[in-house]
Amino acid sequence: IDLRWHVGVHPRVGAADVVPFVLLDGSTLQDCVAIAHRAGAEIWRRFGVPVYFYEAAAKDAGRRRLEKTRRTGFDGRPPDIGDIAEHATAGAAMVGARHFLIAYNINLETSDAAIAKQIAVKIRESSGGFRFVKAMGLHLASLGRAQVSMNPTNFAEIPLDDLYAAVGAEAARLGTAIAESELIGFIPRAAYEQSPAFFNRIRGFSEARIIENRIAQLL
């Protein structure tokens, strides 16, 4: 990806953009922090891409929340590693340590992004919705639909079936409906065991999307 030519609707600061280290069986958050700091140093040394640390790896309290830096592109202060704000073509990297975040989207029958944004406000933690849920509304030109893009950041503390139902109820109140849901990347086995119905309704979902299963295949 060359950021001089890249366009899109989702916030990003770089070609790699976000590099999180997350806990799986046998690891600790402290392990992830140490690895994140080492990886950040290597990204700068090898590629000349500056690094901003976030979540548990943050060296600056103001950068703990990823969106605080990424939403505006950069926050106007020097990076945590590197002597430039961004690489000319690759931008910067946000490197973090955190619990397993699930990248989950719901596409609506409508193309009206304003409706998706209203739903996002209703369900996200920052405006009084579900704890540990980040959400925003977008228009997807490729599908001609509005999307509620979500990041459940601590799935064990979220009633996922209730979250889906809340989106459906708010969509109906606003005169539309859920078209489909989608998963970006993988989920941990514990999340699937907690709410199998939630994940089984996702378009194209199979147990190959459980990260422990994928790791076992690779090994």
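Biologist: Why is I35 called partly exposed?
Modeller: This is a predicted model, and in it I35 has a relative accessible area of 43%. Buried means under 20% and exposed means over 50%, so I35 with its 43% is partly exposed. I35 belongs to helix α1, residues 29-47.

Biologist: How far apart are the C-alpha atoms of I35 and N154?
Modeller: They are separated by 21 Å, and the two residues are 119 residues apart along the chain.

Biologist: What makes A197 partly exposed?
Modeller: The relative accessible area of A197 is 43%. That value falls between the 20% and 50% limits, so A197 is partly exposed. A197 sits in helix α6, which covers residues 196-200.

Biologist: Why does D17 count as buried?
Modeller: D17 has 10% relative accessibility. Buried means under 20%, so D17 counts as buried. D17 is in strand β1, residues 17-22.

Biologist: Which residues is D17 in contact with, leaving aside neighbours within four places in sequence?
Modeller: D17 is in contact with P11, R12, R70, A92, A93 and M94.

Biologist: How do you know that a polar atom of the side chain of D17 lies within polar-contact range of the backbone nitrogen of V13?
Modeller: The backbone nitrogen of V13 is 2.7 Å from a polar atom of that side chain. The limit for the pair is 3.5 Å, so the distance of 2.7 Å is within it. For the backbone nitrogen of G14, the distance to a polar atom of the D17 side chain is 3.4 Å.

Biologist: What is noted about the phi of D17?
Modeller: Phi of D17 is positive, about 70°, although D17 is not a glycine. F132, also a residue other than glycine, has a positive phi near 65°. F132 is placed in the loop between α3 and β5 (133-140).

Biologist: What makes E182 buried or exposed?
Modeller: E182 has a relative accessible area of 11%. The cut-off for buried is under 20%, so E182 is buried. E182 lies in strand β7, residues 178-184.

Biologist: Why is the pairing of the side chains of E182 and R203 called a polar contact?
Modeller: The two side chains are 3.0 Å apart in this contact. A polar contact needs N or O atoms within 3.5 Å, so the distance of 3.0 Å meets that limit. Apart from neighbours within four places in sequence, the residues in contact with E182 are A103, Y104, N105, N107, Q147, I202 and R203.

Biologist: Which residues make the contact of α3 with α4?
Modeller: From α3 these are I119, K122 and I123, and from α4 they are L163, A166, V167, E170 and A171. They divide into 6 nonpolar, no polar and 2 charged.

Technical notes: Residues are numbered from 1 along each chain as its sequence is written. This is a predicted model: local features need pLDDT of at least 70, side-chain atom pairs count only at pLDDT 80 or more; totals for chains, interfaces and linings use all residues. Side-chain values use heavy atoms; hydrogens and water are left out. Contact means heavy atoms within 4.5 Å. Helices (H or I, at least four residues) and strands (E, at least two) are DSSP runs, numbered from the N terminus. Ala, Val, Leu, Ile, Met, Phe, Trp, Tyr, Cys and Pro count as nonpolar, Asp, Glu, Lys and Arg as charged, and the others, Gly among them, as polar. Buried means under 20% relative accessible area, exposed over 50%, partly exposed in between (1.4 Å probe, protein chains only). A polar contact is a pair of N or O atoms within 3.5 Å; within protein, one must be able to donate a hydrogen and the other to accept it, and residues adjacent in sequence count only if both atoms are side-chain atoms.
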